[in-house]
Amino acid sequence: MLDLTLYDPFEKMQFTDTNCFLCGTSITTEHRAPVFGEWLQRKYNLENKELLLLDKSVTTFSQLSIPCCDRCHTHYLLPLEAEVEQAAAAGIAGIQALDRQKLFQWIGKMYYGTLVTELIKETDPLIMPQYAVSEDPKMLGKFRSFFQVLQSLRVPMVFSDFLPCSFFILEVNPEQDELPFEYQDELTTMVFSIKLGSVAIICTLLDNGIIERALGKLEQVANGHQLHPIQLAEFKARVFYAAYIFNVVPEYFIRPQKAEDDHLVLDTLIDDVTNEIFNPWDMTAYAHMLEEMLKPWGIRESEILKDPKQPLSFILTEDNTFKLVEKV
Ligand SMILES: [Zn+2]
């Protein structure tokens, strides 16, 4: 019989350098896996590139690693990285064709890797974080749900009729774009975006695809176009803002198992009776988010809200069709 037991590090808050992040096995501190795959670091020259962590400390892509046992590393992480590497070599078509559950696991691992780094740091008595994630029960509940579905990396798992996240896969015009690699994540709203060459993937985790459906029209408009980097920035602002006002946490349930089962089946439930799915859209808050994303172009909030009913857009024309942007 296959062991389909899930690991729950949240039960005892077992975030240490001597427990595998994925299965919990006791390990020594030498057993680690990079948060960002080695191929990614090589391909985009990230090894010595600096990264700012939530507590404002600085690390590099090659230093950012998580405790991981040899078995999880060789059996689950490396094959996944190899598969994504191969898909990414084929550009947007390759990423589009990648199994969505795999893509979820790949992004989920990087997101969770930065989160685990944070949680391990918070156990250090010398570090006094301004905002301790581990002290927020609501956040911990979300992370716990998320880790349950992320374990599909290790434990064979079928999601009954959902994917635990939303994806937006976009193409940037290489002639207008200077950054070969870009990444951004937000721990609390669970958004992650990464750009590999001309392909950008934006993912909102733990929303069961709701944000993808909510922004479906926008995605349709942008699909098939090579976006100007400013259009990608606006797209990101819209997705990040949607994640910010997203107000529900899906629950996941494991179906009762039989002895001969070789995988788990998960069902999900979203309580949209006691909670609205989205908090109300606030134009000023959205404008803040957009201003932040448009920083490289120095576009200010006042410009964004010149027409308060229709905020500045680089993606949509007044009739909600695709806007061609050649130069900004
Ligand atoms: Zn392990």
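This is a predicted model: local features need pLDDT of at least 70, side-chain atom pairs count only at pLDDT 80 or more; totals for chains, interfaces and linings use all residues.

Q: At what angle do α4 and α5 pack, and how far apart are their axes?
A: The angle is about 140°, and the axes are 11 Å apart. Helix α5 covers residues 137–150.

Q: Which residues of α4 and α5 meet?
A: A helix has a repeat to keep in mind. An α-helix has 3.6 residues a turn, so residues three or four places apart point the same way. Now look at the contact. From α4 come Q105, G108, Y112 and L115. From α5 come F143, F147 and L150. By type, the residues of this contact are five nonpolar, two polar and no charged.

Q: Where does α2 come in, and how does it cross α4?
A: Helix α2 spans residues 70–89, and helix α4 spans residues 100–122. Their axes come within 10 Å and cross at roughly 115°. Angles from 65 to 115 degrees count as roughly perpendicular. Therefore α2 and α4 are roughly perpendicular to each other. The crossing of α2 past α4 is left-handed.

Q: Which residues of α2 and α4 meet?
A: On the α2 side they are L77, L80, E83 and V84. On the α4 side they are K102, Q105, W106 and K109. This contact divides into four nonpolar, one polar and three charged residues.

Q: How do I check the length of a helix?
A: Compare the expected span with the distance between the end C-alpha atoms. For α4, 23 residues at 1.5 Å a residue should span 33 Å. The end C-alpha atoms of α4 are 32 Å apart, which agrees. Now try α8, residues 229–245. Helix α8 has 17 residues and reaches 24 Å from its first C-alpha to its last, close to the 24 Å expected.

Q: How many residues of α4 and of α8 are buried?
A: Count C-beta neighbours. A residue is buried if 20 or more other C-beta atoms lie within 10 Å of its own. In α4, 17 of the 23 residues are buried, and the helix is mostly covered. In α8, 14 of the 17 residues are buried, so α8 is largely enclosed by the rest of the structure.

Q: What does H31 touch, apart from its neighbours in sequence?
A: Contacts can link residues from separate parts of a chain. Leaving aside neighbours within four places in sequence, H31 is in contact with P67, C68, C69 and D70. H31 and C69 are 38 residues apart along the chain, yet their C-alpha atoms are separated by 5.8 Å. H31 lies in the segment before β1. With 20 C-beta neighbours inside 10 Å, H31 counts as buried.

Q: Where are N45 and M190, and is each buried or exposed?
A: N45 lies in the loop between α1 and β2. N45 is exposed, with 11 other C-beta atoms within 10 Å. M190 lies in the loop between β7 and β8. M190 is buried, with 23 other C-beta atoms within 10 Å.

Terms used. Residues are numbered from 1 along each chain as its sequence is written. Helices (H or I, at least four residues) and strands (E, at least two) are DSSP runs, numbered from the N terminus. The expected span of a helix is 1.5 Å times one less than its number of residues. A residue is buried if 20 or more other C-beta atoms lie within 10 Å of its own, exposed if 12 or fewer, and partly exposed in between; C-beta atoms are placed from the backbone. Two residues are in contact if their C-beta atoms, placed from the backbone, lie within 7 Å. Axes are lines fitted to C-alpha atoms, for helices over the stretch in contact, and angles run from 0 to 180 degrees between N-to-C directions. Angles under 35 degrees count as roughly parallel, over 145 as roughly antiparallel, 65 to 115 as roughly perpendicular and the rest as oblique. A crossing is left-handed if the near helix is turned anticlockwise from the far one by less than a right angle, and right-handed if clockwise. Ala, Val, Leu, Ile, Met, Phe, Trp, Tyr, Cys and Pro count as nonpolar, Asp, Glu, Lys and Arg as charged, and the others, Gly among them, as polar.
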